Amino acid sequence: MADPKGFLTHDRELPERRPVDVRIRDWKEVYEDFPAPKLTKQAARCMDCGIPFCHNGCPLGNLIPEWNDLVYRHDWQEAIERLHATNNFPEFTGRLCPAPCEAACVLGINADPVAIKRVEVEIIDRAFSEGWVTPVVPGKKTGKRVAVVGSGPAGLAAAQQLTRAGHDVVVFERADAIGGLLRYGIPEFKMEKRHIDRRLEQMRAEGTEFRTSVNVGVDITAEQLREQFDAVILSGGATQWRDLPVAGRSLRGVYQAMEYLPPANKDFENSPINARGKHVVVIGGGDTGADCIGTAIRQGAASVTQLEIMPQPPASRPGAQPWPTFPTLFKMESAHEELADGEGDRVYAVSTTEFVDDGTGQVRALRLVQVEGPQSGFKPIPGTEREIPADLVTLSMGFVGPEKGALLEGLGVEYDARGNVARDKTYMTNVDGVFVAGDMGRGQSLIVWAIAEGRAAASGVDRFLTGETALPYPILPTARPLV
C-alpha cells in the first residue's frame, strides 16, 4: 500500500483545463500539465484494497493498485511494465475511457475515487518521453499470416499481440490513415493524433504491416482474403449509424456525426462541412455529441444547442445504480464547459419532429417537442412544441451494429440476435479461421472493452494457428459490464 493514510490526507485532484477562451482558438488537448508531486499524492490515495473492485470495473484487468504504489515510490519504469502487462495502449484509454474502474473504486463508496485515469496517462507519457517504450520483436517467426480488418483499438491490440507471437500480421484500413475512430472520429482536442503515430511507429518496428485505403470485400474480396491468409480477424467496428427518419431528414445541412467529424479531423481550418457563423444543433447527448459541440465551437459556430431525448441525469449516483456499477451521471465535459461559456444550451427530454426547409432544400430550423420519460415510451407532451434555428444538424445517436456489406456477406458469417457477428468462446465465427473482435461482435461499447476483446481474440487465433498459446485471454465474448 502506497500510503496507509493517503486517502485520508489527500483530496482527489485533476489537472486544470486550459481557459475556455484560449483553448477554443486551437485544436490542442484541453488539459494543462499535472505536476509530479500532485500526481504522487493522487497515487497515494489508492488503498490497495483486499478486493480491488477497480479490477472488476475494467475488462482489461489493469493492475491498478500495483502501479499506483509504484508511482508513489517513483519507480516509473516498473510502473509502465505493470501497465503494459494488461493494456497495449494506455495512452488511448487514459484519455478516452470514461473510467468504469473509477466507478468501481472502493474509495468511491463514500468519497471521491482515486484519479486512476490521470495516473495511467502520466505513466505512459513518462515512459514515451524517457524512451522506455521500445519494439518487442518476436524471437522466432511461425510463418503464419493473419489479416486484421479494421484498425481501431480492437484491431490494433490483436495485431500487436499476434505480431509479438511471431505471426506475420497485415492490418487493413479503408480510410487513408490508421486508427479507425481514434484517428478521424475523436477530435484533436480530446486526443492529439501524435499519440497514435508514436504507437504505430513501435508496431511497425515490431513487424506489423499496415495497408490503408483498402476496402476489404471490394478492393480485395472475401475469397482472396481467405486464400492469402491463414486466419482473419474482423474488427471493423459497429459503424452502421442510427438514423432519425423524420420529415426533412434529406435536407442539406443534416449530417450524421461520422460525416461531420472525420473531415474536421483531417483539415481543422478548411473542412468541407463547416459550422462557421451557423446555428448548430447536435442531436444526442453522449460523447460523440460532445465531440461535435467542441468541433463546432472551434469552427466558429454562431450558436450550438445539444438535444437529448432522455431526462437530465442526476449529479450523484442514483440508488438504482449502486456501487460498483458504472452509473449514468450528469457530466460536464470540456465541450460542455465551452458551450456554457458561449452561445449554447443543453436541452433534455425533447424529441425532434421535423427539419424545416428554407425553400431551397437547406435546413433552416428544427421542430421539437418535450417528451415524458422512457417508461412512457417518450410520449410527446401536448402544447410543448417549438422551433429553434438550425443551419447545421449533426445526428450523434449512436450505432446499431456492423455494416452488412460485401465483406461479411462474402465470408458468410452468421449474426447473433442483436445483429452483431456471432462468435464462440475463442472469438471465432461460424467460418473456420475467421474471428471477430470489438464492436463488430459486441456492439457499440467502450475502448477498454475493444482492447480487451482484441487481446482475447489474439489468443484464440494463436491457438488456432499453432495448437497452443501463451497470450492472455482477459474476457469471454459474453462478458458484460457491471450493472
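**Exercise 1: A helix pair**

Helix H5 (residues 64-72) and helix H6 (residues 76-84) pack with their axes 8 Å apart, at an angle of about 170°. The model is predicted: local features need pLDDT of at least 70 and side-chain atom pairs count only at pLDDT 80 or more, while totals for chains, interfaces and linings use all residues. Residues are numbered from 1 along each chain as its sequence is written, and side-chain values use heavy atoms, with hydrogens and water left out.

Task: Describe the relative direction of H5 and H6, and state which residues meet.

Solution. 
1. The angle of about 170° makes H5 roughly antiparallel to H6, a term for angles over 145 degrees between N-to-C directions.
2. In H5, Glu66, Trp67, Leu70 and Val71 take part in the contact (heavy atoms within 4.5 Å). Their partners in H6 are Trp76, Glu78, Ala79, Arg82 and Leu83.
3. By class, these contact residues comprise six nonpolar and three charged, with no polar residue.

**Exercise 2: Arg423**

Task: Determine whether Arg423 is buried or exposed, and identify the side chain with which its own side chain makes a polar contact of 2.7 Å.

Solution. 
1. Arg423 is located in the loop between helix H17 (406-411) and strand E15 (434-436).
2. Its relative accessible area is 18%, so Arg423 is buried (under 20% relative accessible area, with a 1.4 Å probe and protein chains only).
3. The side chain of Glu453 is the partner in the polar contact of 2.7 Å; such a contact is a pair of N or O atoms within 3.5 Å, one able to donate a hydrogen and the other to accept it.
4. A polar atom of the Arg423 side chain also lies 3.3 Å from the backbone oxygen of Val436.
5. Beyond four places in sequence, Arg423 touches several residues, including Met428, Thr429, Gly441 and Pro477.

**Exercise 3: Val281 and Gly300**

Task: State the accessibility class of Val281 and that of Gly300, and list what Gly300 contacts.

Solution. 
1. Val281 belongs to strand E7 (residues 279-283) and is buried at 1% relative accessibility.
2. Among the residues that Val281 touches, beyond four places in sequence, are Thr305, Leu307, Leu366 and Ile388.
3. Gly300 sits in the loop between helix H15 (287-299) and strand E8 (303-308).
4. Leaving aside neighbours within four places in sequence, Gly300 contacts Ala275, Arg276 and Gly277.

Note on methods: Axes are lines fitted to C-alpha atoms, for helices over the stretch in contact, and angles run from 0 to 180 degrees between N-to-C directions. Helices (H or I, at least four residues) and strands (E, at least two) are DSSP runs, numbered from the N terminus. Angles under 35 degrees count as roughly parallel, over 145 as roughly antiparallel, 65 to 115 as roughly perpendicular and the rest as oblique. Ala, Val, Leu, Ile, Met, Phe, Trp, Tyr, Cys and Pro count as nonpolar, Asp, Glu, Lys and Arg as charged, and the others, Gly among them, as polar. Buried means under 20% relative accessible area, exposed over 50%, partly exposed in between (1.4 Å probe, protein chains only).
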